[in-house]
Amino acid sequence: MILEAVKADITKIDYVDAIVNAANESLLGGGGVDGAVHRAAGSKLLEECRTLHGCPTGEAKITKGYDLPVGYVIHTVGPIWHGGSWDEERLLSSCYYNSLKIAADRGFTSVAFPSISTGVYGYPVEKAAKTAVSTVLDFASKEPGSVEKVIWACFDDRTLAAYQAEIDLQKGTI
Ligand code: ADP
């Protein structure tokens, strides 16, 4: 498994099979990454999202990418941070695992994630990066040979540094 953190607008990434959207339970659009994904994909994305009837926190659903440079968007709903005792870590881990499961089932080999939950949802970025990287490595050990490359598209330097540090740290443990 190749893990990379890059500083990028996820809607501009054109070299993966699917990007992941940090959506909300309605799947009908919002701010942050979600707003950017809907703007870049065009109104057909919202039409398809309407047919999905939402998505519970921790789960994931796939749509086409429409006007995005990638073919598919995997929409996942991260947990809102309430201090850490409300199952936030398990739910964030589920977002990564379920998104990768969908990608693997479709035969995708590369996926780009945003920093799920660390914007409006308030999840501390260092904690989120730890869970994100460990879940991706756990997935790779359970489903070897499916998804080969995972990229985190980080919007700012602090987020980039957090994911890069965790990748360096945890890659050393496998
Ligand atoms: P959440 O509601 O899951 O917290 P947000 O979209 O508010 O999601 O933020 C998640 C992270 O994505 C934040 O680090 C935010 O700065 C970042 N972000 C916002 N827009 C983009 C974008 N176009 N590409 C990549 N990351 C983005």
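An oxygen atom of the ligand lies 2.9 Å from a polar backbone atom of Val120. The protein covers 89% of the 560 Å² of accessible area that the ligand has on its own. The model is a predicted one, and the distances given here are computed from its atoms.

Val120 is one of the closest residues to the ligand, along with Asp9, Val33, Ser117 and Gly119.

| Residue | Protein atom | Ligand atom | Distance |
|---|---|---|---|
| Asp9 | polar side-chain atom | nitrogen | 2.9 Å |
| Val33 | backbone N or O atom | oxygen | 2.8 Å |
| Val120 | polar backbone atom | oxygen | 2.9 Å |

How many residues surround the ligand? The shell holds 15 residues, which divide into 9 nonpolar, 5 polar and 1 charged. Helix α1, residues 32-41, supplies the largest share of this shell, with 3 residues. The ligand itself sits in the largest pocket.

The fold can be described briefly. The protein has 5 helices and 6 strands. Read from the N terminus, the order of elements is β-β-α-α-β-β-α-β-α-β-α. The radius of gyration of the protein is 15 Å, close to the 16 Å that the globule rule gives for 174 residues, so the protein is as compact as a globular protein of that length. The C-alpha trace spans about 45 × 35 × 30 Å along its principal axes.

Terms used
Residues numbered from 1 in each chain as written. Predicted model: local features only at pLDDT ≥ 70, side-chain atom pairs only at ≥ 80, totals over all residues. Heavy atoms only, no water. Near = heavy atom within 4 Å. Polar contact = N/O pair within 3.5 Å; in protein donor to acceptor, adjacent residues only side chain to side chain. Areas by Shrake-Rupley, 256 points an atom, 1.4 Å probe, with all protein chains shown as cover. 1 Å grid on protein atoms, 1.4 Å probe; cavity = no way out; pocket = protein on both sides within 12 Å on 5 of 7 lines; lining within 4 Å. Sits in = over half its atoms within 2 Å of the grid points. Helix = DSSP H or I, 4+ residues; strand = E, 2+ residues; numbered from the N terminus. Nonpolar A, V, L, I, M, F, W, Y, C, P; charged D, E, K, R; others polar. Rg over C-alpha atoms; globule rule 2.2 N^0.38 Å.
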